Every structure is written in structure tokens, then in C-alpha cells.
Amino acid sequence: MLNNKKQIYIIGTVGVPACYGGFESLVENMLDFTPADVQYTVFCTAKKYETKLETYKNARLIYLDRDANGKDSILYDYESMKIAIKNNADIMLILGVSGCIFLPEIRRKFKGKIITNIDGLEWKRDKWNPLAKWLLHYSEKQAVKYSDVVIGDNKGITDYIYSAYSKTVAKKRVELIAYGGNHAEKITDDSLYEKYPYMKEPYAVTVCRIEPENNIHLILEAFEGLAEKQLVIVGNWKNSQYGTELKEKYLKCENIHLLDPIYESHEINWIRSNASLYIHGHSAGGTNPSLVEAMNLSLPILAFDCVYNRATTQDQCLYWRTAEELEELIKTKSSEYSLISAKMKELGKTEYSWENIARKYNELWNK
């Protein structure tokens, strides 16, 4: 091991400093708890960073001229794996399954440990065409078959792994490691009321990608019937026909405010932390970062009723499956919000702190 440190190459993210999504936040916060005997190397998408740092939080950075997301992600991950082998990595930590289609080849060449977080069953998402779904499902199979350790971020995911791959995982180790959310901070900044005057009144908030499996249409339908209740949704409305049609349909509703993505952390944390209610519509995937962030902000949560959200919140918030059910919860259950808020805060503190998540990953390096 170079410099007597275990060489761990992190594959599959846009990079650090984190500027994108869940896996990027995972790596960003893991680096704060780097063991003394570990050297991290993180692959980054070159076009996302004007300034190319050599190191960040003591991790080495390698920039590739490919996109970490979309169809280019397959080759982005493959190139990263080949570089890790060339540089005598001890461990590959692969985040997501895009490049795992190549693991049969990589496994023959790489004698170190492969640890793969398979993410949230990406192949089930509605946004992918049939070919993309097939490729993602096939890559997931290769990830489970050829990884030394498979990580699921939610009990719903690990249960799925055991069920779908009962023969394959018999000799493998499956680990349940979620995401942290305590990087989301309560923000007080009265100056932002000038930009968002309607947020002086109580409002519900949702922050997510505008995709069908996040059930944005149901949330909007519910609030359309609640003219006295304010709703703020922050998301990428312009990225799909689904988003543009919803924005056009609900833009004139005075109690509904549809905001484009906000990447400035101070502003988005202010919007979330000052909300009186968090609406979580995700129905696919595992432990969703925005959900555990809302929990750490001690927000009362109304979550879509699915196995993943129930596992994350340990059945301690309120759940809905239709617009009518959501509307009814908002009308009749407000007296329970303070109790839910306290439960979410405690769960966020005990289950979804980055120190706790990093400890679980660090334990894997020496197993």
C-alpha cells in the first residue's frame, strides 16, 4: 500500500466538492471522517468544475472528460475502474450500477475488494426506456454477482437483494447503510422574505426531481383543493414534458409556488427549514437524501406510502397514496405535526448522522 495507507478509489459520482446529488453528498461527508490509515481517490466529471483541485479534504481527485450521469456514465465508471486497477487500488467503492456491466472483466483483472452501493433500483424508474431499463437491471445483476460487498441504503433494498438474488448472495455480504442528513442546517435570514414574501405565511415544501415516480401530480392535485394552504415545490420543471405540463397547469394557482432548482445551499436550506410541513412523494428508490435531510431539520413529514419511506421513517410519520388521502391528512391531522416533528428529529439524530454513516463505511475497509 502506497504510504502504508489503504488505497480506496471512489467511482460513480460527479465528484467533490459536492455540487449535485445524493452520492456526491455521501462522499463529501465521508471525507470528513477519513481514517488515518486510508487514502481516498475520487473521480470527478471535468466539465462540472472550473477549478480543478488536485486534492480535497486530503482525498486525491482525478478528472475525466465524461459525464457521470446518463448514458455516458457507463464508460465514465469503466474508465475509472481501469485507472483504479492501473494505480494498484486496494478497494473500489462503486456508487451506482451504471458501469457494473463490466464487472466480469474487471473482476478477472482486479485482486482487491469491490464494494458496490446499488442505489435505488434505478431500472424500475419510469423515466428510462426499455433498453435503458434492461441495461440497468443487467448491471445490477453483475454488481450483486461480482462485488465482495453489496450495499443497500434502505431495508426495502436489502430485502429486495435477498429476495431477487437468493442464490447469488448466499455467499456474499449485504450491508444496510443509509445516508446522512445532518448537513442540512436550520437557517434564519429575514432578508430572503424580500425574494419570497409568501413564505411569511405557513407553507408546505417539496424539493425533488420532477418525475412521475415522485408523484408531483398528486401533490399538486391535493393542494389545488386546499386554496388556504401554501405549497412550495423546488425542482427541474424544464427537464421533461411531465414537468413542463404540470407547471403550465398549476402556474396560476395562487397558493402554489413552483420554483426552479436552487443550488445555493444557504437559500435552499432556508426554504426547507422555515417550512411548516414537508411533503415527500418519492415512490421508487431507497433512502432518499431529501427525506433524511427533512428529518434532520425536524420537519413534520407526510410521505408517500411505500416500503422505502416507511423503512426510513420507521413508520413514525403520516402516509398517503392518493391526492385525496394527502388532502385529508392536511385537513385533519395538523394536531399531530409537533409529535411527528419530534420523532423525525430523534430519528435523524440517531440513524442518519454522517458520523454514524461514515463509521459504517469505514468498518467495511478492514472486513
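A nonpolar core is a set of buried Ala, Val, Leu, Ile, Met, Phe, Trp, Tyr and Cys residues joined through side-chain atoms within 4.5 Å. Buried means under 20% relative accessible area, with a 1.4 Å probe and protein chains only. The model is predicted: local features need pLDDT of at least 70, side-chain atom pairs count only at pLDDT 80 or more, and totals for chains, interfaces and linings use all residues. Residues are numbered from 1 along each chain as its sequence is written, and side-chain values use heavy atoms, leaving out hydrogens and water.

**Exercise 1. The core**

Find which residues of the largest nonpolar core touch the most other members.

Solution. The largest nonpolar core has 126 residues. Leu220, Ile271, Leu302 and Trp365 touch the most other members. Helix α6 (residues 216–224) gives this core its largest share, six residues. Helices (H or I, at least four residues) and strands (E, at least two) are DSSP runs, numbered from the N terminus. Now take Trp365. Set aside its neighbours within four places in sequence; its contacts (heavy atoms within 4.5 Å) are then Lys6, Ile8, Met30, Val38, Tyr40, Ile91, Leu93, Lys113 and Ile115.

**Exercise 2. Ring pairs**

Classify the pairs Tyr9–Phe43 and Tyr196–Trp270.

Solution. Start with the rule. Rings of Phe, Tyr and Trp (its six-membered ring) pair if their centres lie within 6.5 Å; planes under 30 degrees apart are stacked, over 60 edge-to-face, the rest tilted. The count is 12 aromatic pairs. For Tyr9 and Phe43, the ring centres are 6.1 Å apart and the planes meet at 45°, so this pair is tilted. Tyr9 lies in strand β1 (residues 6–11) and Phe43 in strand β2 (residues 38–45), 34 residues apart. Both Tyr9 and Phe43 are buried.

Next, Tyr196 and Trp270. Their centres are 6.1 Å apart with 25° between the planes, and the pair is stacked. Tyr196 sits in the loop between β8 (173–176) and β9 (203–207), while Trp270 belongs to helix α8 (residues 265–273), 74 residues away. Tyr196 has 5% relative accessibility, so it counts as buried. Trp270, at 1%, is buried too. Ring pairs join Tyr193, Tyr196, Tyr198 and Trp270 into a cluster.

**Exercise 3. Helix α4**

Check the span of helix α4 (residues 130–146), then find what covers its buried residues.

Solution. Expected span is 1.5 Å times one less than the number of residues. For the 17 residues of α4 that gives 24 Å; the end C-alpha atoms are 24 Å apart, which agrees. Ala132, Leu136, Ser139, Glu140, Gln142, Ala143 and Val144 are buried. Their cover includes α3 (103–109), β6 (113–117), β7 (149–152) and α5 (155–164).

Technical notes: Buried < 20%, exposed > 50% of the residue type's maximum accessible area, 1.4 Å probe, protein only.
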